[in-house]
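Below is a set of questions about how terms are applied to one structure, each answered by setting a value against a cut-off.

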Amino acid sequence: MPAPLNEWTASDIAAAVNRGELTCEAVTRACLDRITARETDVHAWAHCDPDQAIAAARNLDRRGASGALAGVPFGVKDIIDSADMPTEWGTPIHRGRQPERDAACIALSRKAGGLLLGKAVTTEFANLHPGPTRNPHDLTRTPGGSSSGSAAAVADFMVPIAIGTQTTGSTTRPASFCGVIGYRPTYGDLRLHGVMEASASVDTLGILARSVEDVALYRDVMLGVPPVAVETPAQPPRIGFCRTHNWEALEPSTRKSLEDAAQTLARAGADVRDVQMPPEFARLNEAHRWITSFEFARTFTWEFEHHWNEISETLRKGRIADGLSCSLETYLEMKALAERCRAALDPVIADYDVLLTAAAFGEAPVGWNAFVGAPVFMMWTVLHVPSITLPVFKGPNGMPVGAQLIAKRRDDRGLFAASRWVQRHLT
């Protein structure tokens, strides 16, 4: 018996719609039925209007939907502007905010035949203070942040694919906690026009999906280029096993899962070697903290000046306090440190196709409304490299835990090829 339509991948949906074997309306109704059944528990959506979605699907069917995302319902994080739905940034300050145009990523998705199903919940200003979303695998646990709703909606089969963003670990961490694939592209490759800025030095879009092929497809859509199939490596990849300077922050079960994975991949034929980062890399989490906080505190000056009392204590005492206390000299020093480390990474990673490392410290913590998960692996975001989180482990409580693969800058397609090989041998 075939899987329900809401469980299909974006690639399979688009192929069937392009062949005339499936209607956009049928797929959209399947996704909406799942949302109806589960949304009161999961709370993945900040805005989803079933009547609007069905009308859009019928319009696509009348026009003869075609394209790389033909008939594919997708969600976007609610910091991404949409012309026909509100974009509220996870804060009461911007409740009811209605943009006049689509962000570039939404416009490109619609141009490729995709259907915007709704706006997924984000944490406040895409920072730490959580929204109402719960982990679909255990409703008592956090889905992670800040792309909370995007990850939960994909994990719970409400939508096949969704856009998040990442400034710290906002795609990587919820992908790991919710058991989906999370991809952060090479910094600067995907357009951020119409996306709320948090820290321009590191902000990127992110993709949440259930297959590597869907991630690769959606990346090409948002690049505005013809889709290229994921390559099959001619030989097993060269993998650098990177424990990083934060290794002891991981839960013991996560450390063991990663060490076991390295051995499994080596037995499968991969050239796996331990790789160590230069000592200065130990300061990259510090660099991330001061760079992002300094920029964040300037970006939202209007909100601070006019709506201070509507900002959570979590944000006021965290990112904002850091940003306002950070001197220009410290900010520039940290930016220089980040630039040096990016240059130093190139020879370290040169002999590997990918690095294998952790995506999060362990399972999603209990307490969905109090904690989105510590961002202990910020350095990869600062280094501007592409990364992908693969749902290949289970923690001691049966919750998903992801492994993260890192590739060289601009080698995103190589990352996809290696990821498919790794996932095949770890699942």
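A salt bridge is a side-chain nitrogen of Lys or Arg within 4 Å of a carboxyl oxygen of Asp or Glu. The model is predicted.

Q: What makes Arg-283 and Glu-333 a salt bridge?
A: Their closest N and O atoms are 3.3 Å apart, and the cut-off is 4 Å. The pair links distant parts of the chain, with Arg-283 in the loop between β8 and α9 and Glu-333 in helix α12, 50 residues apart.

Q: Why is Arg-283 called partly exposed?
A: Its relative accessible area is 29%, and partly exposed covers what lies between the buried limit of 20% and the exposed limit of 50%. Glu-333, with 41%, is partly exposed too.

Q: What makes Arg-340 and Glu-280 a salt bridge?
A: The closest N and O atoms are 2.6 Å apart, again against a limit of 4 Å. Arg-340 is in helix α12 (residues 328-349) and Glu-280 is in the loop between β8 (271-275) and α9, 60 residues apart. Arg-340, at 42% relative accessibility, counts as partly exposed, and so does Glu-280 at 31%.

Q: Which parts does the salt bridge of Asp-81 and Arg-97 tie together?
A: The side chains meet at 2.9 Å, N to O. Both Asp-81 and Arg-97 lie in the loop between β2 and α4, so the pair ties together parts that are 16 residues apart in sequence.

Q: Is Asp-81 buried or exposed?
A: Asp-81 has a relative accessible area of 14%; buried means under 20%, so Asp-81 is buried. Arg-97, at 25%, is partly exposed.

Q: How many salt bridges are there, and which residues are linked in a network?
A: There are 27 salt bridges. Asp-189, Arg-219, Asp-220, Arg-410, Asp-412 and Arg-413 are linked in a network of them.

Q: Why is the pair of Trp-89 and Phe-300 called edge-to-face?
A: Ring centres must lie within 6.5 Å, and planes over 60 degrees apart count as edge-to-face. Here the centres are 6.2 Å apart and the planes stand at 75°, so the pair is edge-to-face. Trp-89 is in the loop between β2 and α4 (104-111) and Phe-300 in the loop between α9 (284-299) and α10 (301-307), 211 residues apart. Both residues are buried. Ring pairs link Trp-89, Phe-125, Phe-296 and Phe-300 into a cluster.

Q: What puts the buried residues of α1 on the same side?
A: In helix α1 (residues 10-18), the buried residues are Ala-10, Ile-13, Ala-14, Ala-16 and Val-17. They cover an arc of only 165° around the axis, which puts them on the same side of α1. These residues pack against α2 (24-42), β4 (161-166) and α7 (212-223).

Q: Why does Ala-68 count as partly exposed?
A: Its relative accessibility is 24%, which lies between the limits of 20% and 50%. Ala-68 is in the loop between α3 (50-63) and β2 (73-77).

Notes:
Residues numbered from 1 in each chain as written. Predicted model: local features only at pLDDT ≥ 70, side-chain atom pairs only at ≥ 80, totals over all residues. Heavy atoms only, no water. Helix = DSSP H or I, 4+ residues; strand = E, 2+ residues; numbered from the N terminus. Buried < 20%, exposed > 50% of the residue type's maximum accessible area, 1.4 Å probe, protein only. Arc of directions from axis to C-beta. Contact = heavy atoms within 4.5 Å. Phe/Tyr/Trp six-rings, centres within 6.5 Å; stacked < 30°, edge-to-face > 60°.
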